[in-house]
Amino acid sequence: MLADAEGKVTPPRSLLAGLGAGMTEAIIAVTPSETIKTKLIDDAKRPNPQYRGLVHGTTSIVRQEGIRGIYRGLFPVMMRQGANSAVRFTTYTTLKQFVLGTVRPGQQLPAGITFGIGAIAGLVTVCVTQPLDVIKTRMQSLTAREQYRNSFHCAYRILTEEGVLRFWTGTTPRLARLVMSGGIAFTVYENVIRLITSERDSK
């Protein structure tokens, strides 16, 4: 649906597709799981933790705060996931088309090149979206309700009280994860597409 007449997906359309996919996964799966994970980690740091595990923690959060309790921080998660997918897919598509312009028409890119492009896309994604990840984590903490009125207030307090560099706290571990996952995911993706296409053409 987003491909052009030649069957190619342009960078702007990749951005749109990634944004939509990221926001959808944020609503359906990522926000509840991230909220529960963050609250369990925060609770474990307390002198007397109140959650005995994943199941007990989840049921306790829902019982005490309602379904909103596991959807706390929905807006920053939607922004982060949307930005993650949009930046990653747009960067990958742009770099891939650039590299394809340097080889013979119809030539497939080696797996190593695809991995490298995916890894670079992961690196760019972290650099661009890390502030959203920091805000998301703060908004899902156990003390968020007492400290922040909303995501914008959270961002304002971080900027004015802790400085702009605080928005990139935790970049290194996330960078290692997304660089590797970007390389692996796009390499697998391209090989699966190639396999499906070859089987379809052989029929």
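**Ground rules**

I number residues from 1 along each chain as its sequence is written, and my side-chain values use heavy atoms, with hydrogens and water left out. Since the model is predicted, I keep local features to pLDDT of at least 70 and side-chain atom pairs to pLDDT 80 or more, while totals for chains, interfaces and linings use all residues.

**Entry one: Gln140**

I looked up Gln140 and found it in the loop between α4 (111-139) and α5 (144-147). Helices here are DSSP runs of H or I with at least four residues, numbered from the N terminus. Is Gln140 buried or exposed? Gln140 counts as buried because its relative accessibility is 0%; buried means under 20% relative accessible area, exposed over 50% and partly exposed in between, with a 1.4 Å probe and protein chains only.

Next I checked its neighbours. Leaving out residues up to four places away in sequence, Gln140 touches Thr31, Glu34, Thr35, Thr38, Lys39, Arg72, Gly73 and Val77 (contact means heavy atoms within 4.5 Å). I also noted that the Gln140 side chain reaches the backbone oxygen of Arg72 at 3.5 Å.

**Entry two: α4 and α6**

I turned to α4 and helix α6 (residues 151-162), whose axes come within 10 Å and cross at roughly 110 degrees. The axes are lines fitted to C-alpha atoms over the stretch in contact, with angles from 0 to 180 degrees between N-to-C directions. The two helices, α4 and α6, are therefore roughly perpendicular, a label for angles of 65 to 115 degrees.

Which residues of α4 and α6 meet? From α4 I listed Val134, Ile135, Arg138 and Met139, and from α6 Ser151, Cys154, Ala155, Ile158 and Glu162. I sorted the residues of this contact into six nonpolar, one polar and two charged (Ala, Val, Leu, Ile, Met, Phe, Trp, Tyr, Cys and Pro are nonpolar, Asp, Glu, Lys and Arg charged, and the others, Gly among them, polar).

**Entry three: aromatic rings**

Rings of Phe, Tyr and Trp (its six-membered ring) pair if their centres lie within 6.5 Å; planes under 30 degrees apart are stacked, over 60 edge-to-face and the rest tilted. By this rule I count three aromatic pairs. Phe89 and Phe186 are edge-to-face, at 5.5 Å centre to centre and 80 degrees between the planes. Phe89 sits in helix α3 (residues 74-100) and Phe186 in helix α7 (residues 171-202), so this pair ties together parts 97 residues apart in sequence.

Phe89 is partly exposed at 36%, whereas Phe186 is buried at 4%. Tyr92 and Phe186 are stacked, because their ring centres are 3.9 Å apart and their planes at 5 degrees. I close with the grouping: Phe89, Tyr92 and Phe186 form one aromatic cluster.

Definitions and conventions:
A polar contact is a pair of N or O atoms within 3.5 Å; within protein, one must be able to donate a hydrogen and the other to accept it, and residues adjacent in sequence count only if both atoms are side-chain atoms. Angles under 35 degrees count as roughly parallel, over 145 as roughly antiparallel, 65 to 115 as roughly perpendicular and the rest as oblique.
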